[in-house]
Amino acid sequence: INDGSIVADETTETLMQKAAGSRQFFVILGGTESPEQTEEILKAEFAGVQRSSSENSWLIETDDGKSFQQKLGKLCADHGWHINELRPVENTLEDIFRKLTSSTQAA
């Protein structure tokens, strides 16, 4: 329930399966330009890009994990970057709740 409206009426298992369609990856890049330039380049290629806590770390959301890895590899090769860390980030129930109740989803 969000602002008096039902936004989901499913089991937690079903919600987790639906959320699995979109994946997030945590990436630490090395050899990059300034964080602002790197962010601009990443956002041109991927729709969901957020700078993480450290200067060269990013959370990138994608619908296709395999395509994401190929695109990221090509970007790194094209710009002389290297990948220091790449790992998937699992959705928690809290993440799913936030997505369901955010103002963009609750319309």
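Biologist: Phe25, buried or exposed?
Modeller: Buried, in this predicted model. Its relative accessibility is 2%.

Biologist: Which ring does Phe25 pair with?
Modeller: Phe68. The pair is stacked, at 4.5 Å centre to centre and 15 degrees between the planes. Phe25 sits in strand β1 and Phe68 in helix α3, 43 residues apart.

Biologist: And how accessible is Phe68?
Modeller: Phe68 has 0% relative accessibility, so it counts as buried.

Biologist: How many aromatic pairs does the structure hold?
Modeller: Two. In the other, the rings of Phe46 and Phe68 have centres 5.1 Å apart.

Biologist: What else does Phe46 touch, beyond its sequence neighbours?
Modeller: Its contacts include Ile60, Lys71, Leu72 and Leu75.

Biologist: Now the core. How many residues are in the largest nonpolar one?
Modeller: It has 13. Among those with the most contacts inside it are Val27, Leu42, Phe46 and Phe68. Helix α3 gives the largest share, four residues. Strands β1 and β3 each supply at least two.

Biologist: Zooming out, what is the order of elements along the chain?
Modeller: The pattern reads α-β-α-β-β-α-β-α. That comes to four helices and four strands.

Biologist: What share of the chain is buried?
Modeller: Buried residues make up 29% of the 107. The chain exposes about 7,000 Å², with 49% from carbon and sulfur atoms.

Technical notes:
Residues are numbered from 1 along each chain as its sequence is written. This is a predicted model: local features need pLDDT of at least 70, side-chain atom pairs count only at pLDDT 80 or more; totals for chains, interfaces and linings use all residues. Side-chain values use heavy atoms; hydrogens and water are left out. Buried means under 20% relative accessible area, exposed over 50%, partly exposed in between (1.4 Å probe, protein chains only). Accessible areas come from the Shrake-Rupley method with a 1.4 Å probe; for residues, only the protein chains shown count as cover. A nonpolar core is a set of buried Ala, Val, Leu, Ile, Met, Phe, Trp, Tyr and Cys residues joined through side-chain atoms within 4.5 Å. Contact means heavy atoms within 4.5 Å. Rings of Phe, Tyr and Trp (its six-membered ring) pair if their centres lie within 6.5 Å; planes under 30 degrees apart count as stacked, over 60 as edge-to-face and the rest as tilted. Lists of a residue's contacts leave out its neighbours within four places in sequence.
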